[in-house]
Amino acid sequence: MRYLPLTGADRKAMLAAIGAASVDDLFADVPEAARLTEPLDLPPHAGEIEVSRALAALAARNVAAGEAASFLGAGAYRHHVPATVDHLIQRGEFLTSYTPYQPEISQGTLQYLFEFQTQVALITGMEIANASLYDGASACAEAALMARRATRRRKVVASGGLHPHWRDTVATLLRYADAELVAAPADPLGGEDLASRIDADTACVIVQNPGVFGHLRDLSALGRACAEKGALLVVCVAEVVSLGLCVPPGAMGADIVVAEGQGLGNGLNFGGPYLGLFATRERFVRQMPGRIAGQTVDADGRRGWVLTLSTREQHIRREKATSNICTNSGLCALAFTIHLALLGEAGFRRLARINHARACELADRLAAIKGVAVLNDAFFNEITVRLPAPAAPVVDRLAEDGVFAGVPAARLFPGEGALADHLILCATELNTADEIERLGTALEGALR
Amino acid sequence: MSRGPQRPAGTAPATASDGGAFAGTVGGNRALLIEEPLLFEQGDPARAGVDLPEPEDAAPRLGGIERAGAIGLPGLSEPEVVRHFTRLSQKNYAIDAGLFPLGSCTMKHNPRLNERLARLPGFADLHPLQPLATVQGALALMDALGHWLKVLTGMPVLALPPAAGAHGELCGMMVIRAAHDAAGEDRRRVLVPESAHGTNPATAAACGYAVESIPADGRGRVDVAALKGKLGPDIAAIMITNPNTCGLFETDIIEIARAVHGAGAYFYCDGANFNAIVGRVRPADLGIDVMHFNLHKTFSTPHGGGGPGAGPVALVEALAPFAPVPWIVHGRDGFALRETAEGEAARSIGRLKAFHGQMGMFVRAYAYMLSHGGDGLRQVAEDAVLAANYLLASLEDTLSPAYPGPCMHECLFDDEALRPYDVSTLDFAKALIDEGFHPTTIYFPLVVHGAMLAEPTETEPKAELDRFIAAVRGLKDRLERGGAERLKSAPHYSPRRRLDETRAARAPVLRWSPPRPPEAAE
């Protein structure tokens with residue numbers, strides 16, 4: 001077995017050193033009734049060739065988004081990841097290292113986490129950020145829990161533009177936290193009034209910008225309304241590239257910003273692993289969940305980094321910790337950091353402008369189709385259209401012709417009959433003008 | 001505007017206290033170890049590491065919230081970025097470089113085949129919301145992974161979504177709470193041994209439970225009498241790690257399970273240490289109701305400097321209705337997904353994250369399983385346990401074992417052998433760094449004074465184990481010869497000497513900030 005270096009002779013020598021007759025002696029503490037004597041019903045070991053063949057056969061039963069003209073978004077975005085990113089994250093010193101518990105031999109990881117935290121703070125317009133959480137949705141739930149702790153209030157108000165997976169994740173995590181989730185109805189037109197839902201027991205208002213239907217909003221007034229009533233404003237960003245072009249949430253009064261960082265550096269991967277970003281104000285630092293890298297000096301006075309403020313964390317505080325989180329998304333954070341380093345100020349802003357321009361082209365092409373209504377005036381790279389027919393069958397039909405036409409709203413809001421004809425589409429720098437035309441033509445054909 | 005060649009604060013050349021062979025290079029670098037400023041301290045906003053076309057200038061439709069002003073990101077070309085992160089990487093220890101005996105963390109070899117396969121476009125380039133007809137291979141892989149985990153545990157139900165071990169714990173404990181709630185049982189407390197991972201009590205608290213600690217007996221196992229004394233109608237569950245964090249199999253586990261079930265509670269097993277028993281013991285045969293796996297431990301998906309992981313959870317049949325969504329269901333046209341807690345999933349605890357789980361980790365773990373096969377996985381457990389016992393036997397006269405052997409996949413020492421020299425576990429760990437090793441886990445579990453928990457795993461050649469044993473013996477020998485000071489000031493040869501963690505926490509600096517202009521500096 002190619003991964004197991006011990007030879008029969010090694011095993012024999014080691015058993016002799018231990019003073020055991022056989023390896024079974026080492027398992028003597030296992031109750032006899034629980035010792036497996038027969039081999040399990042599983043196939044025997046296999047070489048690289050056989051394993052590659054088996055996995056390639058499974059992969060071949062899927063249609064990669066890159067094989068189609070894909071307009072899928074709704075929380076997962078297909079962007080070009082520079083070749084450099086994947087090369088660097090596969091360096092064994094990053095890939096096969098552990099959480100940096102021994103900082104003297106983990107300065108590489110700690111320094112990039114510090115850089116990551118700085119990048120996240122800069123693009124969100126916030127003061128501080130942590131070293132990542134599992135994904136945007138779970139980061140959103142952690143934000144709700146943090147607001148619950150920081151305000152000692154019970155109610156969490158969620159926008160009808162919040163991605164339903166994020167909303168449902170919040171609901172799960174609040175379930176046993178002595179809290180109440182007030183979820184506003186789905187808001188396909190982007191006109192909801194959230195300020196009126198804030199009361200004296202509101203811990204936070206959670207709003208996604210751009211929302212799941214693509215609407216982009218100025219949140220400043222909502223931020224002021226929250227501040228007046230002592231509630232925190234939690235702003236969710238599902239498409240992190242939007243921060244290259246839009247006013248950052250921090251400048252609109254956000255107290256906590258959570259984002260899905262997948263769009264930078266990380267592929268679609270069928271939904272995971274992704275990257276939760278979490279940024280907030282400095283005064284909440286001791287309430288913040290997750291790992292944090294901080295600057296310090298070594299015994300020679302040289303600058304270095306460590307994991308810090310761990311008195312918030314489970315391995316120190318146990319049942320009084322701010323969160324139970326331990327392993328998070330380190331390598332995805334590295335990919336994000338490298339991609340954003342490559343983009344830089346100029347590249348990040350330009351990438352965002354390209355995305356917006358493509359989405360404008362997409363909106364114009366779809367608006368030209370008879371019976372199709374584009375529901376967004378202000379958007380980044382994602383829009384919602386109302387079709388003159390249920391969206392899901394149309395999407396399935398177009399998929400057969402190699403066009404992933406978008407996410408039917410019904411897939412995310414299965415209970416909402418009124419959304420059956422709504423379709424959420426996204427365009428990125430990877431969508432060409434030809435693809436947009438292909439989509440337009442195919443949609444015209446399907447609706448005829 | 002280039003920032004020029006000034007040296008950023010804190011990277012001054014090594015001082016005299018640095019001592020010995022490394023004193024005084026001109027620039028503070030040490031051959032292969034090159035000082036590297038932060039990204040923000042280099043570059044030029046005019047540079048970029050990408051070439052993107054300027055889009056046509058059209059009126060933006062952003063509703064008036066277009067960003068003004070600079071973000072503050074630096075600009076670097078591709079060669080500068082490659083060099084920056086390559087230099088950073090060279091300051092990290094890694095399993096690729098050597099033995100990583102971090103107890104409880106299962107730092108084993110990460111096969112590169114798994115990396116290649118996870119990057120097949122048919123897995124890596126799948127959008128999670130594609131039409132289901134276009135992702136049947138992905139769902140089949142998830143189903144197959146679930147099948148292997150069911151066979152290995154003997155448990156009939158698998159929940160794949162959790163993103164890490166602690167997320168799996170949360171999933172499992174929420175399922176238990178939902179089951180009690182559904183049965184009209186209002187149980188308020190969860191029992192957790194003193195030796196447990198910190199995530200266990202933190203998880204129980206997140207599920208609204210009060211945590212009650214169970215002491216260990218003199219053999220490093222759960223004190224069964226004390227446990228039985230605490231069982232009662234208010235206990236919802238017990239959370240036990242098995243093999244436990246002392247590296248020992250809980251010999252009374254079947255009796256514990258019987259008592260827990262007799263009291264109407266559920267038995268949660270933290271599966272962090274499954275590597276010790278995979279293919280040799282099925283948790284179902286021990287009476288376990290819920291167990292999470294760490295795919296990034298037992299099944300070798302890379303730790304990546306702290307994630308991403310994956311923490312699927314195995315459940316007994318009675319808990320199946322409460323499993324988190326999405327569920328993979330076998331439909332008329334192949335696999336389908338139940339994505340909301342409705343219909344047959346109405347009693348599900350709901351969603352734990354967006355989409356369907358850590359697919360990238362599932363591909364790697366499945367490739368790992370196919371490579372090993374049933375026979376290879378059993379050999380994994382045997383070699384892991386053999387290696388740990390070899391360390392224990394080889395070091396029992398050098399260090400002080402906390403408990404007599406045999407151990408399982410990790411061996412535990414306390415600091416008794418160090419105390420006569422006034423050297424702490426921390427000092428000893430830092431000295432191991434100078435010898436070219438990642439230290440063992442230290443000060444965990446909490447039940448042992450100055451704990452050192454060593455987990456070599458099955459992927460270490462005997463020669464590497466022998467090298468480690470020789471290093472530990474050599475350090476002890478140095479202590480006996482009056483060399484304690486050398487250990488107390490270790491490490492000497494790492495990219496940084498001992499770092500001031502107190503200072504980091506007292507006045508936190510958690511991000512880079514632009515230097516203040518000179519006139520404002522006073």
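Modeller: Domain bounds here come from an automatic or database domain assignment. This is a predicted model: local features need pLDDT of at least 70, side-chain atom pairs count only at pLDDT 80 or more, and totals for chains, interfaces and linings use all residues. Residues are numbered from 1 along each chain as its sequence is written, while chains are lettered from A and ligands numbered from 1 in the order in which they are written.

Colleague: Which domains does the assignment give for chain A?
Modeller: Domain 1 of chain A covers 69-80 + 345-447, and domain 2 covers 83-338. Their C-alpha centres lie 27 Å apart.

Colleague: How many residues does each domain bring to the contact?
Modeller: Start with the cut-off. Two residues are in contact if their C-beta atoms, placed from the backbone, lie within 7 Å. Domain 1 of chain A supplies 29 residues and domain 2 of chain A supplies 24.

Colleague: Which elements each supply at least two residues on the domain 1 side in chain A?
Modeller: Elements are DSSP runs, numbered from the N terminus: helices are H or I with at least four residues, strands are E with at least two. On that side they are α11 (330-367), β12 (382-386) and β15 (422-426) of chain A. The largest share, seven residues, is from α11(A).

Colleague: Is β12(A) largely enclosed or open?
Modeller: Count neighbours. A residue is buried if 20 or more other C-beta atoms lie within 10 Å of its own, exposed if 12 or fewer, and partly exposed in between, with C-beta atoms placed from the backbone. Four of the five residues of β12(A) are buried, so the rest of the structure largely encloses this strand.

Colleague: Which strand pairs with β12(A) over five bridges?
Modeller: Strands of a sheet pair through backbone hydrogen bonds, either parallel or antiparallel. Two strands count as paired if DSSP finds at least two bridges between them. β15(A) pairs with β12(A) over five bridges, in the antiparallel sense. Strand β11 (residues 373-374) of chain A also pairs with β12(A), antiparallel, over two bridges. V385(A) of β12(A) stands opposite V374(A), and its bridge partner in β15(A) is L423(A).

Colleague: What is the strand order of the open four-stranded sheet in chain B?
Modeller: The order is β10-β11-β13-β12 (chain B), with antiparallel pairing. β10 (400-401) and β12 (441-442) of chain B are the edge strands, each pairing on one side only. Inside, β11 (residues 411-414) and β13 (residues 452-454) of chain B share three bridges. F413(B) faces M452(B) in β13(B).

Colleague: Why does the radius of gyration of chain B agree with a compact globule?
Modeller: Take the radius over C-alpha atoms; the globule rule is 2.2 Å times the number of residues to the power 0.38. For 522 residues the rule gives a value near 24 Å, and chain B has 26 Å, which agrees. Of those residues, 57% count as buried.
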